Amino acid sequence: MKPFIKAAGLGLVLVTSSMFAHAAEAAQKIGYVATGPLMAQLAKQSNVQEKLRVEFKDRIAKIERLETKMKMDLDKLKRNGELMSEDERVKLQRNLQSMDSEYKLEVANLREDERKRGAEEQRKLAERIQKAIESVAKKEGYSMVLERQVVHYASPKDDISEKVLKAVK
């Protein structure tokens, strides 16, 4: 009778622990999202680079005109420098130095503004993705959604990236 009680007790322990494991599993549904590729795909689809290029086209054109003018004046100085009077040559050199300073300042300002606007657009995309992740997680009953890069292994069925992409669109 003793072996029977031991077997019954062991069976009860196994069934109970199995039930608790299933209950715990059912209580937490965990998914993951690959936000890096998602950001890249959304940026490409929303033409972020094109928007920024259009936004800064006038400033880029101004810089290109300044660069062309500097090249022309530099060529003029090289070609005719020896034929010019001292005053003309000094005036042209100072003008070139002034244009060079202005060019460097304009380029630096443009790069900084492009960087800021690019970061702003990235932040907007990140906010849209975050809202979509929250929406999909609530709708699908996920208790936790992780970034794909922090997960060593996960089943592809737990990847909600495509659902998030559809929710963002």
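Q: What makes the span of helix 5 close to the expected one?
A: In this predicted model, helix 5 (residues 86-140) has 55 residues and reaches 80 Å from first to last C-alpha, against 81 Å expected at 1.5 Å a residue. Helices here are DSSP runs of H or I with at least four residues, strands are E runs of at least two, and both are numbered from the N terminus.

Q: How do you know which residues of helix 5 and helix 6 make the contact?
A: Contact means heavy atoms within 4.5 Å. On helix 5 that picks out Arg128, Ile129, Ala132, Ile133, Val136 and Glu140; on helix 6, Lys163, Val164, Ala167 and Val168. They divide into 7 nonpolar, no polar and 3 charged.

Q: How are helix 5 and helix 6 placed, by angle and axes?
A: Helix 6 (residues 161-168) packs on helix 5 at about 115°, with the axes 8 Å apart. Axes are lines fitted to C-alpha atoms over the stretch in contact, and angles run from 0 to 180 degrees between N-to-C directions.

Q: Where does helix 3 meet helix 5?
A: Val48, Leu52 and Glu55 in helix 3 meet Arg117, Gly118, Glu121 and Leu125 in helix 5. The axes of helix 3 (residues 48-55) and helix 5 come within 11 Å and cross at roughly 145°.

Q: Why does the contact of helix 3 with helix 5 have 1 polar residue?
A: Asp, Glu, Lys and Arg count as charged, Ala, Val, Leu, Ile, Met, Phe, Trp, Tyr, Cys and Pro as nonpolar, and the others, Gly among them, as polar. Gly118 is in this contact, and the tally is 3 nonpolar, 1 polar and 3 charged.

Q: How is the numbering done, and what is counted?
A: Residues are numbered from 1 along each chain as its sequence is written. Local features need pLDDT of at least 70, side-chain atom pairs count only at pLDDT 80 or more, totals for chains, interfaces and linings use all residues, and side-chain values use heavy atoms, without hydrogens and water.

Terms used:
The expected span of a helix is 1.5 Å times one less than its number of residues.
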